[in-house]
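Colleague: I have a few minutes before the meeting. Can you take me through this one?

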Amino acid sequence: MSAELKKRNNVLLCILSVGVLCILLFPVFWTFITSLKTEQEIFQNPPTFYPHVLNTKSYAAQVETGDFNMFRSFLNSFIISLGAMVIAVLLAVPASYAIARYKFKGRNGMLLCFLVTQMLPVSVLLTPMFIMFKNMHLYNTWGASILSDATIGIPFSILILKNYFASIPKDLEEAAWVDGCNKFKTFIQILVPIAKPGIIVCAIFSFLYAWGDLAYGMTFILDQQKRPITAGIFNFMGQYGTRWSYLTAFAIVTIIPVSLIFIFMQKYIIAGMTSGAVKG
């Protein structure tokens, strides 16, 4: 292939990539400009592709004192997501190592159970979890939402990390044992650093699962001041009717942390997912 033809193909691929990117980002763009329009302009026909009258009241309302204060909702979501992430990682890392390294009765059945939990709808789990949290006196607390969100991240993390630990040669462990390390020290100082890309991926996805959760936050937390930001969006629509400028503004603010995570952590996400897929 000549250099000129190769250059032309690269240009065509770049143009195609930009076109696909514009199509994928158009819903975000439309949500953003909708948040800056007045209610009358939102329903104008034909639609406008930029706000003729700039409306910033939808963003100003989020920092006012009231049921839907943005900063309080952000703090609630951050605490819940961080707690669910920590629990998921702390439990999934040793569990995945044990499943990958040791052969025990019921091992395959356990993996099957983890796969099944990923396919269960949330509505099936709400009632038994509600009864459990009620008996544990965790209902209407952050703890209920944290534990319920962790049940989503733990199976996913175990299934991902199992491949990492299974791919690590046993010679590394045996060499560490010869040098005087016990099993726990070998696990912490040698195996965990090797599986770091996978652990970072699992931590990110566990955080994002909890950040985007609505059902658990709405069901297990009654006080609006304790609810995460996704529940705030739902109740925002309930209180103010269908005021789309307010709802879209709240949605734009909600996706900012998710966007930042993917922008700054994409190197770890791509490396962790591809490495896990190859090693598995």
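Colleague: What should I know about the model and the numbering?

Modeller: This is a predicted model, in which local features need pLDDT of at least 70, side-chain atom pairs count only at pLDDT 80 or more, and totals for chains, interfaces and linings use all residues. Residues are numbered from 1 along each chain as its sequence is written, and side-chain values use heavy atoms, with hydrogens and water left out.

Colleague: How many helices and strands does the protein have?

Modeller: There are 13 helices and 0 strands. Both are DSSP runs numbered from the N terminus, with helices being H or I of at least four residues and strands E of at least two.

Colleague: What percentage of the residues count as buried?

Modeller: 39% of the 280 residues. Buried means under 20% relative accessible area, exposed over 50%, and partly exposed in between, with a 1.4 Å probe and protein chains only.

Colleague: On to single residues. Is I33 buried or exposed?

Modeller: I33 counts as buried because its relative accessibility is 4%. It lies in helix α1, residues 3–35. Leaving aside neighbours within four places in sequence, I33 is in contact (heavy atoms within 4.5 Å) with T48, F49, Y50 and P51.

Colleague: Which bond is cis?

Modeller: The peptide bond that joins N45 and P46, with omega at about 5 degrees. P46 is in the loop between α2 (39–42) and α3 (57–60).

Colleague: What about phi of H137 and of N140?

Modeller: Phi of H137 is positive, about 60 degrees, although H137 is not a glycine. N140 is also a residue other than glycine, with a positive phi near 65 degrees.

Colleague: Where does A195 lie?

Modeller: A195 is in the loop between α9 (183–194) and α10 (196–211). Its relative accessible area is 0%, so A195 is buried. Not counting residues up to four places away in sequence, A195 touches L161, Y164 and F165.

Colleague: Last topic. How much space lies in the largest pocket?

Modeller: About 200 Å³. On a 1 Å grid over the protein atoms alone, a pocket is an open set of points where a 1.4 Å probe fits, with protein on both sides within 12 Å along at least five of seven lines. Points are joined across faces, edges and corners, and the volume is the space filled by probe spheres set on them.

Colleague: Which residues line the largest pocket?

Modeller: T117, Q118, L120, V122, L125, T151, I152, Y209 and Y216; lining residues have an atom within 4 Å of a point. Helices α5 (107–119), α6 (122–135) and α7 (142–167) each supply at least two residues of the lining.

Colleague: How many of the lining residues are nonpolar, polar or charged?

Modeller: The lining has 6 nonpolar, 3 polar and no charged residues. Ala, Val, Leu, Ile, Met, Phe, Trp, Tyr, Cys and Pro count as nonpolar, Asp, Glu, Lys and Arg as charged, and the others, Gly among them, as polar.
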